[in-house]
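Work through the two exercises below with the sequence and the model open side by side. Try each task before reading its solution.

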Amino acid sequence: MRKLLEAVYGRVPEQFHEHTRLRPMSVYANTKAWGEMQTVLTLGAVGTSYTVVRYFSVYGEPQVIKANSHSWVVAWFATRAALGLPLHLNGGGHQIRDLVHVDDIATATVRALVAPRAHNETINIGTGAPTSIRKVAELVAEQYPETRFVETPMPPGDPLGGYAATHRMEAVLGWRPTITVEEGVARYADWLAKTPEAIPAWLRAQSEAATA
């Protein structure tokens, strides 16, 4: 089984179908597309069954943010809000993502391993629902009422994003995700409150400097 993120699709219409022509826009995305093709060529040549699963924006506990990373918006927003730091909305936060909770990702992966119809298939793993970055910020603010938003310029090349077409996933796996983004954000905030060591020291230092 090979994981492939929606990054491989590039700048295409905002709903991504498995049959959409791949247009990777970065080295990272290109390695994903290369890995998918290598899986098909290597395993297909010897008759070994495989399934390619394309995970969309995975989030949830126990994700912990990393310095200089722009991934994992739920973790970033919740961690900053927990420290009283403002949430930065690049370009107003109108970019969209298909946020899939890690528990649903795990379930989908197991199903892809055993579902007879998943033989040699490529399947999006997403909710099929677009969620804006601003919406994520608003959900985080419900957990941390003192949260402030700061609108910042859109970085060059920042993708507007998209969401998964899930018809094939539902047909092949006989399943769809069950955890809503509202529930998932609340679960992450609860986990963060119970796991304060998940907040990195370097971000705590930034917070203390900002309030000094």
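**Exercise 1: a strand and its surroundings**

In this predicted model, both faces of strand β3 are covered, since Thr51, Val53 and Tyr55 on one side and Val52 and Arg54 on the other are all buried. Determine how many residues of β3 are buried, and find which residue of β8 is the bridge partner of Val53.

*Solution.* For β3, which spans residues 51–55, the count is 5 of 5 residues buried. Next, turn to the pairing, where β3 runs parallel to strand β8 (residues 121–125) over 5 bridges. Within β8, Val53 has Ile123 as its bridge partner.

**Exercise 2: salt bridges across the chain**

Which parts of the chain does the salt bridge between Arg187 and Glu61 tie together, and is each partner buried or exposed, wholly or partly?

*Solution.* The closest N and O atoms of Arg187 and Glu61 are 3.3 Å apart, and the two residues form a salt bridge. Because Arg187 lies in helix α6 (residues 181–194) and Glu61 in the loop between β4 (57–59) and α2 (73–82), the pair ties together parts that are 126 residues apart in sequence. Arg187 is partly exposed, at 28% relative accessible area, whereas Glu61, at 17%, counts as buried because the cut-off for buried is under 20%.

As a further step, consider Glu151 and Arg134, whose side chains meet in a salt bridge at 2.7 Å, N to O. This pair links Glu151 in strand β10 (residues 149–152) with Arg134 in helix α4 (residues 133–143), 17 residues apart.

Terms used. Residues are numbered from 1 along each chain as its sequence is written. This is a predicted model: local features need pLDDT of at least 70, side-chain atom pairs count only at pLDDT 80 or more; totals for chains, interfaces and linings use all residues. Side-chain values use heavy atoms; hydrogens and water are left out. Buried means under 20% relative accessible area, exposed over 50%, partly exposed in between (1.4 Å probe, protein chains only). Helices (H or I, at least four residues) and strands (E, at least two) are DSSP runs, numbered from the N terminus. Two strands pair if DSSP finds at least two bridges between them. A salt bridge is a side-chain nitrogen of Lys or Arg within 4 Å of a carboxyl oxygen of Asp or Glu.
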